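Okay, thanks for coming, everyone. Let me put the structure up, and then I'll walk you through a few spots in it.

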Amino acid sequence: MGPLSRIVEIRKVDLDESGMRIDRWFKCHYPSLSFSFLQKLFHSGQIRLNGGRVKSSTRICSGQLIRVPPLNVRQKITASLMGNRVSQILLRMLLYKDDGVFVFNKPSGLSVQGGSGLLYNLDRMLAVWPNKKGDKPRLVHRLDRETSGVLVIARTRYAAQKLTDSFRARDVSKKYWALVSGVPMKKGDRISTGLIKEKGIEGHRIHVCEYGLSGSIHAVSSYRTIETVGQRVSWLEMEAYTGRTHQLRVHACHIGHPILGDRKYFLMNEKRLFLAGMQDRLHLHAHRIQIPNPSGGILDMSAPLPKHMVQSFNLLDLDQNRNL
């Protein structure tokens with residue numbers, strides 16, 4: 001975390017920071033600063049670029065000099081106490097790290113970014129683990145709040161660009177494990193549909209729609225059946241090639257086999273029938289990711305199942321450690 005000081009500092013813009021908004025630069029180097037306090041510094045002219053007053057939206061260039069005014073020492077104490085607690089949480093989630101990336105096993109219930117009424121999310125928490133330049137780690141992909149599993153985070157601007165390029169080129173394999181209602185007729189299949197967001201009584205929901213409908217997007221998924229429990233439950237390995245919001249959850253419903261514990265897309269009467277003895281939580285887990293590592297080679301990481309899914313696997317006598 002960038003230091004909070006009672007003296008004026010002059011800091012030079014690094015090469016990989018060129019083009020960044022200056023208010024974003026401050027949030028990266030001094031993540032504990034509140035938005036309102038930072039804006040006051042700009043409006044009062046205490047923040048300067050190459051000696052001149054500057055707007056918060058100004059984009060900076062490498063080699064420029066930023067005047068950092070004295071900052072609130074009380075914020076440093078609060079940030080330190082909060083930082084230690086958040087750091088311990090991140091350590092429990094950490095699966096792997098190198099100079100360019102962190103890999104976490106995100107727990108179910110933790111929002112990756114934003115979320116109505118939420119005080120904490122992973123993006124905010126990452127501010128306590130800046131790199132050597134003081135930059136906050138960057139998100140390059142996301143998981144739904146209730147979906148657990150493997151999540152790759154970039155530690156540098158270079159790594160973020162390389163990982164983002166890999167996702168855009170679809171040079172990434174992301175495999176999910178899901179427990180679903182019933183048994184699909186096909187052992188495996190490809191699902192290609194349009195998706196559209198609609199607002200209802202219980203908030204926004206994603207629906208399958210016809211291709212080309214105004215406001216819709218194309219989504220492609222696949223699945224294969226690993227094991228079944230009679231005709232009641234199936235263990236699927238699923239993959240989302242297009243990464244749309246709620247894509248796997250909606251596509252599971254589309255083929256008639258919704259994911260257990262999905263409170264948004266699974267009907268209540270079906271919940272009572274299939275969740276007897278299980279926790280009423282989403283049974284969708286990002287199990288494995290394979291992606292080119294910005295440091296070289298292929299990053300191939302798997303994340304252990306969350307406790308509620310381990311409990312369900314044990315109840316259904318499914319072997320999560322079987323050779324797949």
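**A walk through the model**

Let's start with an open sheet of 4 strands, ordered E1-E4-E2-E3, with antiparallel pairing. At its edges are strand E1 (9-12) and strand E3 (52-53), each pairing on one side only. When I say strands pair, I mean that DSSP finds at least two bridges between them. Helices (H or I, at least four residues) and strands (E, at least two) are DSSP runs, numbered from the N terminus.

Some housekeeping. This is a predicted model, so local features need pLDDT of at least 70 and side-chain atom pairs count only at pLDDT 80 or more, while totals for chains, interfaces and linings use all residues. Residues are numbered from 1 along each chain as its sequence is written, and side-chain values use heavy atoms, with hydrogens and water left out.

Strand E2 (residues 48-49) and strand E4 (residues 65-68) pair antiparallel over 2 bridges, and leucine 49 stands opposite isoleucine 66 in E4. There's also a hairpin, where 3 residues join E5 to E6. Those two, E5 at residues 94-97 and E6 at residues 101-106, run antiparallel with 3 bridges. Leucine 94 has phenylalanine 104 in E6 as its bridge partner.

Zooming out, the protein has 8 helices and 15 strands. Of its 324 residues, 48% are buried, and buried means under 20% relative accessible area, exposed over 50%, partly exposed in between (1.4 Å probe, protein chains only).

Now, which residues does histidine 285 touch? This histidine is in strand E14 (residues 284-292), and it counts as buried because its relative accessibility is 0%. Leaving out residues up to four places away in sequence, histidine 285 touches a group including Asn105, Lys175, Trp177 and Met309; contact here means heavy atoms within 4.5 Å. Its side chain makes a polar contact with the side chain of serine 148, at 2.8 Å. A polar atom of the histidine 285 side chain also lies 3.1 Å from the backbone oxygen of proline 304. For polar contacts, we want a pair of N or O atoms within 3.5 Å; within protein, one must be able to donate a hydrogen and the other to accept it, and residues adjacent in sequence count only if both atoms are side-chain atoms.

Next, the largest pocket. Its lining has 41 residues, and Leu143, Asp144, Arg145, Thr245 and His246 lie nearest its centre. On a 1 Å grid over the protein atoms alone, a pocket is an open set of points where a 1.4 Å probe fits, with protein on both sides within 12 Å along at least five of seven lines; lining residues have an atom within 4 Å of a point. H5 gives the most to this lining, with 4 residues.

Most residues other than glycine have a negative phi. Histidine 246, though, has a positive phi near 60 degrees. Histidine 246 lies in the loop between strand E13 (233-240) and H6, and counts as buried because its relative accessibility is 15%. Arginine 170 also has a positive phi, near 55 degrees, in the loop between H5 and E9. Arginine 170 is exposed, because its relative accessible area is 55%.
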